[in-house]
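Here is a short report on one protein model. Please read it with the coordinates open.

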Amino acid sequence: MTGNPGAFQNDTEIWDAASSIALSHVSGEPSVSITNALTVDVEDYFHVSALAPSIHRDSWASRESRVVGSTQKLLAIFEQFEVRATFFVLGWVAERYPQLVKDIAARGHEIACHGHSHRLVYEQSHEEFHKETLRAKKLLEDVTGSAVLGYRAASYSIVRKSLWALDVLVELGFAYDSSIFPVRHDRYGIPDAERAPHRLPTPGGKVIVEWPLSTARVLGFKIPVSGGGYFRLLPYWLTRRGLNSINRDEARPFIFYLHPWEIDPEQPRVSANLLSRFRHYTNLDKTEERLQLLLREFRFGTTRDGLAQLGLLSAIN
Ligand SMILES: [Zn+2]
């Protein structure tokens, strides 16, 4: 496989064909009974960190917003498969489209917080982070009338140098975080972080529940198989094998994530560098089909329910 997007696409098609053959022998039932967490980071295509150098935040308000339509599309798919998910909603989106947040909550999904501005945590001061996170949490709670317990940072930007943010989350009343990615990446990641959901001591001496983005051990490598760009770029059989190994070999649930823009191949194209364009646009037209395969093969629920089942959060009242 090469870094050339054209060649990659051809290879992906071959892998997809191979995985379809393999799947033809699999029944529609989930392969194991473990309930995994299904999560959506609710933001527009122009919020994405990979495109940030090409899109000034002052231009957000004047761009064509696609988030309501593509989130509704995800809601319809989840309804078809009768699954409930956790939606980490960006405050910026909730402020403009409160009805969307109400619609998500009304269908029984969990509303959680994706911050307000999509600024990376490690580019904010302690005070800025406190202020914008409180603003987003309060906004979501006012719209839904329910407590928001979960947080996910923009671009998984809770890294070693921004672990202080966990203390702010505890202070603001969050029960869990899902921002730490145990991988090496140019923008995020704590490569040697614990991989399973766990109680994580904070630098300030408190404790928060952490559900790190899932990685799997496949063919001797630690592979991020938990969604987003990895879901679009890796062949489906590799994602499936990795997720199966977490459920079967490690006997625990994984957490999977997606963005509404990832099932929107019609979104306006933004000029950016080759790597960013590759990460953002590759296989957008295949994600919906792959998502349906995934929902057919694995069992899913909300993050909150998953953590309650693991005994890491108290049961939902
Ligand atoms: Zn995001």
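**Overall picture**

This is a predicted model. The mean pLDDT of the protein is 87. A score of at least 70 is reached by 89% of the residues. Residues 1–30 are a stretch where pLDDT stays under 50. For that stretch, the model has 36 contacts beyond four places in sequence.

The protein contains eleven helices and eleven strands. Of its 317 residues, 57% are buried.

Strand 1 covers residues 35–42. Eight of its eight residues are buried, so the rest of the structure largely encloses it. In a regular strand, side chains alternate between the two faces of the sheet. Here both faces are covered. One side carries Thr 35, Ala 37, Thr 39 and Asp 41, all buried. The other carries Asn 36, Leu 38, Val 40 and Val 42, also all buried.

**Helix 2 against helix 4**

Helix 2 spans residues 67–80, and helix 4 spans residues 98–106. They pack at an angle of about 5 degrees. Their axes are 11 Å apart. The two helices are therefore roughly parallel to each other. Helix 2 contributes Val 67, Val 68, Thr 71, Gln 72 and Leu 75 to the contact. Helix 4 contributes Leu 100, Asp 103 and Ile 104. By type, the contact residues are five nonpolar, two polar and one charged.

**Phe 174, a buried loop residue**

Phe 174 sits in the loop between helix 6 (164–171) and strand 5 (176–177). Is Phe 174 buried or exposed? Its relative accessibility is 5%, so Phe 174 counts as buried. Beyond its neighbours within four places in sequence, Phe 174 touches residues including Thr 133, Lys 137, Val 148, Tyr 151 and Ile 208. Cys 113 is another of its contacts. Phe 174 and Cys 113 are 61 residues apart in sequence. In space, their C-alpha atoms are 9.4 Å apart.

**Positive phi values**

Most residues other than glycine have a negative phi.

Tyr 156 is not a glycine, yet its phi is positive, about 50 degrees. Tyr 156 lies in the loop between strand 4 (150–151) and helix 6. At 5% relative accessibility, Tyr 156 counts as buried.

Ala 251 also has a positive phi, near 55 degrees. Its place is the loop between helix 8 (236–248) and strand 10. Ala 251 counts as exposed, at 56% relative accessibility.

Asn 283 follows helix 9, and its phi is positive, near 65 degrees. Helix 9 itself covers residues 274–281. Its buried residues are Ser 276, Phe 278, His 280 and Tyr 281.

Notes. Residues numbered from 1 in each chain as written. Predicted model: local features only at pLDDT ≥ 70, side-chain atom pairs only at ≥ 80, totals over all residues. Heavy atoms only, no water. Axes fitted to C-alpha atoms, helices over the stretch in contact; angles between N-to-C directions. Helix = DSSP H or I, 4+ residues; strand = E, 2+ residues; numbered from the N terminus. Parallel < 35°, antiparallel > 145°, perpendicular 65-115°, else oblique. Contact = heavy atoms within 4.5 Å. Nonpolar A, V, L, I, M, F, W, Y, C, P; charged D, E, K, R; others polar. pLDDT = per-residue confidence, 0-100. Buried < 20%, exposed > 50% of the residue type's maximum accessible area, 1.4 Å probe, protein only.
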